[in-house]
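This report describes selected local features of one protein chain. The sequence and the structure are shown first.

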Amino acid sequence: MSNLVADVNELISRLEWGQPAFTIIDVRDRHTYNHGHITGAISIPLNDLADRAKTSLHKQRQIYVYGDHDTHANLAVSILGAAGFRDVCVIQGGLDAWKTVGGATEGV
């Protein structure tokens, strides 16, 4: 498995072109997620990721991950790789990068 990095512009383009065959995971804590996250992202805090991945995620889908820092997202990619997920990318710059390019967000 390669530790791929996804550019936010590329991801937004996929959404605009109607290519939603992927999952976005926010690995920040639930409180932080509730205060703002990428629209459509699911919350699986980093501490719960190993336990919840196999029951919550589909191995056939591409998975994009972001966290408080790219370091957290890279750790999440490693956890998912160990659980057998092969198509996992870090959203470089996370939520801040997403907002900078005008990506849709939701939350309080």
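Which residue just after helix 4 takes a positive phi? Gly84 does, with a phi of about 100°.

The model is predicted: local features need pLDDT of at least 70 and side-chain atom pairs pLDDT 80 or more, while totals for chains, interfaces and linings use all residues. Residues are numbered from 1 along each chain as its sequence is written, and side-chain values use heavy atoms, without hydrogens and water.

Helix 4 comprises residues 70-82; helices (H or I, at least four residues) and strands (E, at least two) are DSSP runs numbered from the N terminus. Its buried residues (under 20% relative accessible area, 1.4 Å probe, protein chains only; exposed is over 50%, partly exposed in between) are Ala73, Ala76, Val77, Leu80 and Gly81. They cover an arc of only 135° around the axis, judged by the directions from the helix axis to the C-beta atoms, which puts them on the same side of helix 4. The face turned away from this buried side carries the exposed residues Thr71 and Ala82.

The structure holds one aromatic pair (ring centres of Phe, Tyr or the six-membered ring of Trp within 6.5 Å; planes under 30 degrees apart are stacked, over 60 edge-to-face, the rest tilted). Phe22 and Tyr64 form this edge-to-face pair, at 5.2 Å centre to centre and 80° between the planes. Phe22 lies in strand 2 and Tyr64 in strand 5, so the pair ties together parts 42 residues apart in sequence.

| Residue | Relative accessibility |
|---|---|
| Phe22 | 7% |
| Tyr64 | 2% |
| His37 | 6% |

Key: Expected span 1.5 Å × (residues − 1).
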